[in-house]
Structure formats: C-alpha cells, structure tokens
Amino acid sequence: MKKSDIILGISILAVSIILFSLRFFFQEEGASVVVEIGGEPFGTYSLDKEQEVDIEEGNRLLIEDHSARMSFADCPDHLCVRQGRIRADGEMIICLPNRVTVRISDKSASGDGDQPDVIAN
C-alpha cells in the first residue's frame with residue numbers, strides 16, 4: 001500500500017463518521033405516523049398517544065414511547081417486523097407483500113398537515 005492509499009482511506013472514514021454523527025445528533029423527532037396502503041392514505045396517528053393500530057387484516061402497528069414499530073405482519077418474510085422502531089422525521093417501515101407504508105412525519109396528527117401551506121392561482 002502506498003502512503004496516498006492510506007491517506008485516502010482515512011479521509012473517507014473521517015467523512016463517513018462526520019456525516020453519520022451529524023445525522024444522528026441533528027435528527028428531528030416526528031410528531032405523527034402516516035400509514036398508506038398501496039399509495040392510498042389509511043390514517044395518521046399521533047406519536048404522543050400509545051395505541052395499537054390494525055392495518056386491515058395483515059399488519060398491526062404499535063405506537064409507544066414516542067416511536068412506532070410493526071408488531072405483527074402476516075407476510076412470509078416479516079422484514080417489516082424485524083426492522084424495529086422508528087421515531088425520526090422521514091423514517092419508514094415498508095411491508096412490500098401487503099403494500100403497507102408507515103412513515104414518520106413532523107406534522108401533527110390533528111389534520112393541520114392535510115392543508116396546503118400556499119394557495120396557488
């Protein structure tokens with residue numbers, strides 16, 4: 001190995017650590033969970049209220065400790081269940097066989113997020 005290869009490797013490692021640290025320490029916590037089935041809205045739920053949400057017959061979403069996780073899925077691989085908890089704005093759980101998408105949003109579940117910010121003519 002040449003000296004330049006070692007410097008390049010250390011530089012890439014340092015940049016990776018810095019980017020990971022920025023993402024980890026500056027993530028915003030979400031306010032609600034948005035559930036969609038096949039791209040169509042199913043419901044929006046507050047992360048402040050602990051609850052279990054049955055998503056049709058195939059999935060069950062558990063909201064607790066200001067986070068959400070898929071607690072049950074009838075799909076064959078159960079990848080969505082093994083993904084674990086999500087709590088930061090933009091994080092997602094996707095159950096591909098059931099076409100279910102669970103996304104954390106920074107908008108509240110009160111319905112304010114459904115209104116446009118600007119009205120265009």
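Predicted model: local features only at pLDDT ≥ 70, side-chain atom pairs only at ≥ 80, totals over all residues.
## Chain overview

The protein chain contains 2 helices and 7 strands. In sequence order these elements follow the pattern α-β-β-β-β-β-α-β-β.

Of the 121 residues in the protein chain, 26% are buried. When contacts between residues at least 6 apart in sequence are considered, 35% of them join residues at least 24 apart.

## The four-stranded sheet

Four strands form an open sheet in the order β2-β1-β7-β6, and their pairing is antiparallel. At its edges are β2 (40-46) and β6 (92-95), each of which pairs on one side only. From one strand to the next, the twist averages 15 degrees.

Strands of a sheet are paired by backbone hydrogen bonds, in either a parallel or an antiparallel manner. Here, β6 and strand β7 (residues 100-105) run antiparallel and are joined by 4 bridges. Within this pairing, Met92 is opposite Arg103 in β7.

Ser67 belongs to strand β5, which spans residues 67-73. Its relative accessibility is 0%, so Ser67 counts as buried.

A polar atom of the Ser67 side chain lies 2.9 Å from the backbone oxygen of Glu64. With neighbours within four places in sequence set aside, the contacts of Ser67 are Leu47, Leu62, Arg85, Ile86 and Arg87.

Technical notes:
Residues numbered from 1 in each chain as written. Heavy atoms only, no water. Buried < 20%, exposed > 50% of the residue type's maximum accessible area, 1.4 Å probe, protein only. Polar contact = N/O pair within 3.5 Å; in protein donor to acceptor, adjacent residues only side chain to side chain. Contact = heavy atoms within 4.5 Å. Pairing = 2+ DSSP bridges. Axes fitted to C-alpha atoms, helices over the stretch in contact; angles between N-to-C directions.
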